[in-house]
Amino acid sequence: MASRLSIRRAQVHVPNTCAWCESIQDVNWYCNDCHEALCDRCFEGHQRARKTRNDDVVPIKEAIKQDEVFIPDVCKTHRGKTCDLYCSDCDIAICAMCFTEKHKQHTFKNIEEEIGSQKHYMQDQLKILKSKFDHFDDNLSKRHEVSKSFIESVAVIRQHVLTQRLKLKAEVDSITDTILVELSSLVEEEEKSLKQDCQPHEKYIKEIKQLIRDVEQNTAKMSTTSLFELTGRLRTTIPLYNVATKSVIPRPPCFVSGTFNADQLKSMIGYIQVDKLKTEDIRYEKKEVDSRKVSQISTFQERKQSQINSICPIDDIHAWMSILGSTELIKVNKKGKVTESVKLDFVPRCLTLTNAEELLITCGSSLICILSKDRRVTRFTDISPLKAWGISVSDSDEVFVTTHTTTIQVLNMSGERIRNISCRGDGLSIVCLTTGNITVTTGYNILHCTEVIVINKSDQVIHKWSGELDNGQKVNETMHYNIARDGYDRIFVPDYQKNKVYVLSVNEGNAKCLLDKTHKVIEPVAVGVDRCGHVWIGCFDGTVHVMQL
């Protein structure tokens, strides 16, 4: 078989000596009309002379390129014949005899026409490569600038904290140290995030640089085979560089100073505030649920090895957790490091984050408490004679509370009751959807769920799930403490008995299994989904798995 468009280049000789003064220094010009090379000094005279001032004079490198010609390969099948045709069907260069014998019914064209087409394609791809290079290079530069500003902001806050520390003296040292540790943790996490964010861009830049270099340096002297191999590389490689992917850029923290008050040492020091990311910045790509593609980001175990009652992610890194039998509320990162803890005078059960980034807490009684940003725990409301169990806040600031009865109480952010909703069974766990609808699990004995229902804004049940799976099987009931939803309103339902987490979509009748045996998730009882779409799964023995779809 003939080689793929193997083309050699021949160059018409361009002198490297000035035709006017015979100098070999600064010979940088070539006159296409006189066919003479010129040095810089003689070029100026050439431009002033009456006979030559209108001549076509170009930089000598362009003259060399203009004089390049293509010489077709000799056919390997038919001696003495040149491959001056190109068979589009077979993607090879052929001679006239090859065409007559084997390619007569095929689409063909002149070899020079195809070479021109290939070079035009290559130039188009070169422009795309350069555009993508600029995109990644710009993103990399901006990311470094953001990180520098981030760390500078932390340094300013650190100094402010130290100033406050001097005013409060010895009695507030422990609180100050806690905040400084948190700042150091922020810097550490930001540096890790920076490295993680920049690695793909640096890799793409390196690869694109090499591709650009291959295209720019080798096109002029490559064979047809090499040319086609290079264009093939471009076709398969360039689509891999997706410039539409948006990076999640952290907002630098700011320090909010507190008012000096002997009764509230923490508020006297102040607290760290990290701006909430905009929705368009944190939107992640929707991935289909396929247990074979689910990967584990991390696994850790709560130090007391007790059951996780509730997991409430608060950003793309941290989550608050409540533990069975513990009066301590803890905040952890994805590696399981406890970054903060709050002592309570009750055992917390279900947790949910408000739109103001405060934490609502139920405790199995009629009381609902709230944890403010400055870490004060106060009473939010009392729903006597009912008992608060599951809790969730809608985008419109309505608070929905299940009561282990058929009644769901709806409150405003002042804790005042707005209305009641009937859920047909004892309401257990609840989550608000982005559409304004709510999803509720109903059942018995606190954690036995027999049905999952979706209620619309008119308080009507519009969907229910009774255990139907996409593999044709059906589960009679699930056991869990709380459910969650992701940014696409898919509901995640853990099942303690079967070591499963089911994923439901309102527009689909059957659920899918998130996990299989290879993930080694045992007795899951609580679940949360963070702003990256990562699924936090809390288990009966205090183990937490962070999974990625």
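Axes here are lines fitted to C-alpha atoms, for helices over the stretch in contact, and angles run from 0 to 180 degrees between N-to-C directions. With that in hand I opened the notebook on this predicted model.

**Entry 1: H5 against H6**

I began with this helix pair. H5 and H6 pack with their axes 11 Å apart and at an angle of about 150 degrees. An angle over 145 degrees counts as roughly antiparallel, and H5 and H6 are therefore roughly antiparallel to each other. I noted the crossing of the two as left-handed. On the H5 side I found Leu-211, Asp-214 and Val-215, and these meet Leu-230, Arg-233, Leu-234 and Thr-237 of H6. Sorted by class, the contact of H5 with H6 holds four nonpolar residues, one polar and two charged.

**Entry 2: H4 against H5**

Next I looked up helix H4, which covers residues 111–168, and helix H5, which covers residues 173–218. Their axes come within 9 Å and cross at roughly 165 degrees. H4 and H5 are therefore roughly antiparallel to each other as well. H4 passes H5 in a left-handed crossing. I listed the classes for the contact of H4 with H5: 24 nonpolar residues, 13 charged and seven polar.

**Entry 3: H4 against H6**

I then turned to H4 with helix H6, residues 224–237. The angle for this pair is about 40 degrees, and the axes are 11 Å apart. The crossing of H4 past H6 is left-handed. H4 brings Glu-114, Ile-115, Gln-118, Tyr-121, Met-122, Gln-125 and Leu-129 to the contact, while H6 brings Leu-227, Phe-228, Leu-230, Thr-231, Leu-234 and Arg-235. I get eight nonpolar, three polar and two charged residues for the contact of H4 with H6. Leu-230 and Leu-234 of H6 are on this list, and I had already written both down for the contact with H5.

Strand S6, residues 85–87, pairs with S8 in the antiparallel sense over three bridges. Opposite Cys-87 I found Phe-108 in S8.

I stopped at the loop between S6 and S7, where Asp-91 lies. The phi of Asp-91 is near 60 degrees, a positive value in a residue other than glycine. I flagged this because most residues other than glycine have a negative phi.

Strand S2, residues 27–31, and S3 pair in the antiparallel sense over four bridges. Cys-31 has Glu-36 in S3 as its bridge partner.

**Entry 4: a hairpin and a cis bond**

Which strands form the hairpin with Asp-459 in its turn? They are S26 and S27, with five residues between them. Strand S26 (residues 448–455) and strand S27 (residues 461–465) run antiparallel and are joined by four bridges. Val-452 stands opposite Trp-465 in S27. For Asp-459 I noted a phi near 65 degrees, again positive in a residue other than glycine.

I also looked at Pro-385, which lies in the loop between strand S19 (377–382) and strand S20 (391–393). The peptide bond from Ser-384 to Pro-385 is cis, with omega near 5 degrees. Most peptide bonds are trans.

**Entry 5: domains**

Last, I wrote down how the protein chain is divided: domain 1 (12–66), domain 2 (85–153), domain 3 (156–276) and domain 4 (313–548). The centres of domain 3 and domain 4, taken over C-alpha atoms, are separated by 31 Å.

Key:
Residues are numbered from 1 along each chain as its sequence is written. This is a predicted model: local features need pLDDT of at least 70, side-chain atom pairs count only at pLDDT 80 or more; totals for chains, interfaces and linings use all residues. Side-chain values use heavy atoms; hydrogens and water are left out. Angles under 35 degrees count as roughly parallel, over 145 as roughly antiparallel, 65 to 115 as roughly perpendicular and the rest as oblique. A crossing is left-handed if the near helix is turned anticlockwise from the far one by less than a right angle, and right-handed if clockwise. Ala, Val, Leu, Ile, Met, Phe, Trp, Tyr, Cys and Pro count as nonpolar, Asp, Glu, Lys and Arg as charged, and the others, Gly among them, as polar. Two strands pair if DSSP finds at least two bridges between them. Domain bounds come from an automatic or database domain assignment. Contact means heavy atoms within 4.5 Å.
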